[in-house]
Every structure is written in C-alpha cells, then in structure tokens.
Amino acid sequence: MDYSKFFSAALNRLHDERRYRVFADLERIAGRFPHAVWHSPKGQRSVVIWCSNDYLGMGQHPKVVGAMVETATRVGTGAGGTRNIAGTHHPLVQLEAELADLHGKEASLLFTSGYVSNQTGIATIAKLIPNCLILSDALNHNSMIEGVRQAGCDRQIFRHSDMAHLEELLIAAGPDRPKLIACESLYSMDGDIAPLAKICDLAEKYGAMTYVDEVHAVGMYGPRGGGIAERDGVMHRIDVLEGTLAKAFGCLGGYIAGKADIIDAVRSYAPGFIFTTALPPAICSAATAAIRHLKTSNWERERHQDRAARVKAILNAAGLPVMSSETHIVPLFVGDPENCKKASDILLEEHGIYIQPINYPTVAKGTERLRITPSPYHDDSLIDHLAEALLQVWERLGLPLKQKSLAAE
C-alpha cells in the first residue's frame, strides 16, 4: 500500500483551502530587535519583525541574556530528567516561587510550554472534580479546547464574553453540580479583554471554580506585570491563573498558579507534567530574571502601550481597516485567505516587513487578518514605513480602505 498518498492528499487539501503555512527562516539579532535577518530563497535579507510575541523585547534584555549564559556556564545545559527523576533543579524551584509571588498565590507549577500547561492543567483539574461541568468561552485558545476535550467530562460553550449566556448556563447546571469556568483574560486575535470581575461575580454567586489564561497579558498589564487580573484587582478571586514565559518574558515555558492543594494535585496526577523532561536551568534563570525585572520596571509597559497607540493612530489615519482593539494587539482586517497570504508575501519580499498572515483555523473563515504586535523598540520611522508599505500593498491587491468602504455603504 502507498501510504504517502494519504499525506499528499492532506497537504493538497490545505493548499486548495489556502491554509498551507510557510515558515519564514528568521535570525534575530540581540540588541537590534525588531530587526532580523531573513534567510530567504534568494539569500539573506534584512527585515523588521512586526508580529513577534516577544512583546516587550525581553528576549534580548541584558539581564535575561546574562542570567541564561551565567547559569548554563555554571550548571550546564539540560535539566537531566523529569521533575521526579533528577529534574527538579534549584533554578526551577526559584522560578516557581517567583511565579507564585507574581500572582499572589500559594504555589505554581511549571510546564514545558503554555500549550501543555492548558492542555494538561485543565484536563487534570476537571478530572479530579467528580461530575464536573466545564463552561468554556467560545473563543478560547486551541490549547484550552484540547484541555477541555481531554477532561472527558460534560462541557458547554458560552458566547464570547457574554455574561448573560454564562449565567444562564450556570443556573441550568444547578447549585449542587461542580462547575469550572475557563476563559482567557486577553484574546490575542481580536485584542479584547474578558470581563474578569463579572466572571468572578458569577462564579461566586453560583459556586463555580475559575481558570483564567493570562498568556497574552502577564508582564504587560498590572503594576508588577501580573496581568489583567492584577490590573483589574481580581487576582485573589481567581482559583487558577495560567501563563507563559514565552511572550512578555522572552523565554520558554508555561505555568499555572493557585492554592497549594490544587497545584500539588496537578503535580501528582497530570501526565503532561509527570512524563516529560523539565525545562533547562538556563531557561528558568532567564525567565526569573525577566519576571523580577518587570515586577519593578514600568518603562517597558508604558513604552509598549505608547507604541501600540501610535501604530493604531497612524494606520487609522491612513484609512487602513484596523479592527477595534483595546490592547496592544493591532489586527488589520483582510477577510480573504489568498489576499492575506499575498499581502504578507509582498510586505516581506518587497518592503522588508514580516507580518505572518492569520487564516483559518486560527480565526474564522472570512475574518482573515494581519496581526500586528508593536514592541517598545518600534520607533516612529518604522511605524511610518509600515503604514506606507501597507497602503501600497492594499492598493496593489485592490483591498478596500475604510473611507472607500464607508462611501460604498
């Protein structure tokens, strides 16, 4: 039997649906972010990255790089095993303590990625609660969806940030049934923020547990970078907070934080934690350095918000279809997968601007977009160049500007 035909057919389906993904071979340059080298098919090219999740540029911060190099030099590279078998090294223990402190919780637990922390964290928590009903926001990340699926218990989806719908489901579940509300604090594709205080109100009123994904907010919001929950003063009301070290903190890994018994139960039962090698010491030390720095430094957060506001203002003034966003995420509506990919290709190849196209299944069909993420290091000249390049691309592809759309209506 020719097994390769199955894989070829699967790839052809992606091509036909304009969903086949092409990776850009990039080489970041420490000290020059967001500038990078693109290893293109035609050779090396200088480009500016406009879609990185290293939101604050902490991946190049001297304290973070220094901590990584010092630790690797002192103790070596790998962790040496799973957490249970020689892998619980001291930099990891220090990092978990730092994360618990960041979120004002009794304990935290480190995973190899934010994806794994959601996937195995949600599933394990729900499995340990008899007859648990999971109430999940309609726009939750794939990692949360997989965690809900793997829990194997009943689940219901409430309309995105719709508190009336969530309350209906809570009432229907009854006061005696255990319930887990799972949502994100900041939704990365639209840039909107969940009404965490209202979610906590409902959870307390109807006896539900809360699990909040803060991956796109930790480090960037709140007086110490504790996320939207810290900014909104509800961190103490949320049972489990989940976050990442791979975005604002510029490193790698995911985690959950909560009461000691919850964290210990996940540590003791979660296969995605138990059966995988621990993160290396150098990564943990670097992440700890980033967290400690951002607990006391507000420059990065303030500059970041200033840059995001300027990008929105410049692109809106140019008539480009900037989707409404109250955060640092700047989505630019395209609405067609082929044009979205073409726009991305032209920006990269002709303007030295890298913005990855966001197509289905990451977003719904018909809502394809370019997702722009400014950093503190995108200066005015780079922003102006971005606007000029986007206008040229929009004109070349015949994409509508805001003024044209309004005139047509």
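## A polar contact at Gln 60

A polar contact here is a pair of N or O atoms within 3.5 Å, where, within protein, one atom must be able to donate a hydrogen and the other to accept it. Gln 60 gives us a case to look at: a polar atom of its side chain sits 3.4 Å from the backbone nitrogen of Arg 32. Keep in mind throughout that this is a predicted model.

Where does Gln 60 lie? You'll find Gln 60 in the loop between strand E3 (43–49) and helix H2. Is Gln 60 buried or exposed? Its relative accessible area is 14%, so Gln 60 falls under the 20% cut-off and counts as buried. Leaving out residues up to four places away in sequence, Gln 60 touches Ile 29, Ala 30, Gly 31, Arg 32, Phe 33, Val 65 and Tyr 377.

## The chain as a whole

Stepping back, the protein chain has 16 helices and 16 strands. Its radius of gyration is 22 Å, close to the 22 Å that the globule rule gives for 409 residues, so the chain is as compact as a globular protein of that length. Along the principal axes, the C-alpha atoms fill a box of roughly 60 × 60 × 55 Å.

Of the 409 residues, 54% count as buried. What about contacts across the sequence? Take the contacts with a separation of 6 or more: residues 24 or more positions apart account for 71% of them.

## Helix H2 and its buried face

Helix H2 covers residues 62–75, which makes 14 residues. From first C-alpha to last, H2 reaches 20 Å, close to the 20 Å expected at 1.5 Å a residue. Which residues of H2 are buried? They are Val 64, Ala 67 and Thr 71. Looking down the axis of H2, these buried residues fall within an arc of 65°, so they line one face of the helix.

Just after H2 comes Gly 76, with a positive phi of about 100°.

## Thr 82, on the way to H3

Further along, Thr 82 is in the loop between H2 and helix H3 (83–87). At 17% relative accessibility, Thr 82 counts as buried. Not counting residues up to four places away in sequence, Thr 82 touches Gly 87, Thr 88, Ile 274, Phe 275, Thr 276, Thr 277 and Ala 278.

Compare that with Ala 100: Thr 82 and Ala 100 are 18 residues apart in sequence, and their C-alpha atoms are 21 Å apart in space.

## Salt bridges

How many salt bridges does a search of the whole structure find? The count is 24. One of them joins Arg 224 to Asp 101, with the closest N and O atoms 3.0 Å apart. This pair links distant parts of the chain, 123 residues apart: Arg 224 is in the loop between strand E10 (208–213) and helix H9 (228–231), while Asp 101 is in helix H4. Arg 224 is partly exposed at 28% relative accessibility, and Asp 101 is partly exposed too, with a relative accessible area of 39%. Another bridge brings together the side chains of Lys 205 and Glu 167, at 3.4 Å from N to O. Lys 205 belongs to helix H8 (residues 196–206) and Glu 167 to helix H7 (residues 163–173), 38 residues apart. Here Lys 205 is exposed, with a relative accessible area of 57%, whereas Glu 167 is partly exposed at 23%.

Arg 310 and Asp 384 also form a salt bridge, with closest N and O atoms 3.6 Å apart. Arg 310 lies in helix H13 (residues 299–317) and Asp 384 in helix H15 (residues 380–397), so the pair ties together parts that are 74 residues apart in sequence. Both partners count as partly exposed, Arg 310 at 26% relative accessibility and Asp 384 at 31%. Finally, salt bridges that share partners join Glu 98, Asp 101, Arg 224, Arg 292 and Lys 295 into one network.

Conventions
Residues are numbered from 1 along each chain as its sequence is written. This is a predicted model: local features need pLDDT of at least 70, side-chain atom pairs count only at pLDDT 80 or more; totals for chains, interfaces and linings use all residues. Side-chain values use heavy atoms; hydrogens and water are left out. Helices (H or I, at least four residues) and strands (E, at least two) are DSSP runs, numbered from the N terminus. The expected span of a helix is 1.5 Å times one less than its number of residues. Buried means under 20% relative accessible area, exposed over 50%, partly exposed in between (1.4 Å probe, protein chains only). The arc is that of the directions from the helix axis to the C-beta atoms. A salt bridge is a side-chain nitrogen of Lys or Arg within 4 Å of a carboxyl oxygen of Asp or Glu. Contact means heavy atoms within 4.5 Å. The radius of gyration is taken over C-alpha atoms; the globule rule is 2.2 Å times the number of residues to the power 0.38.
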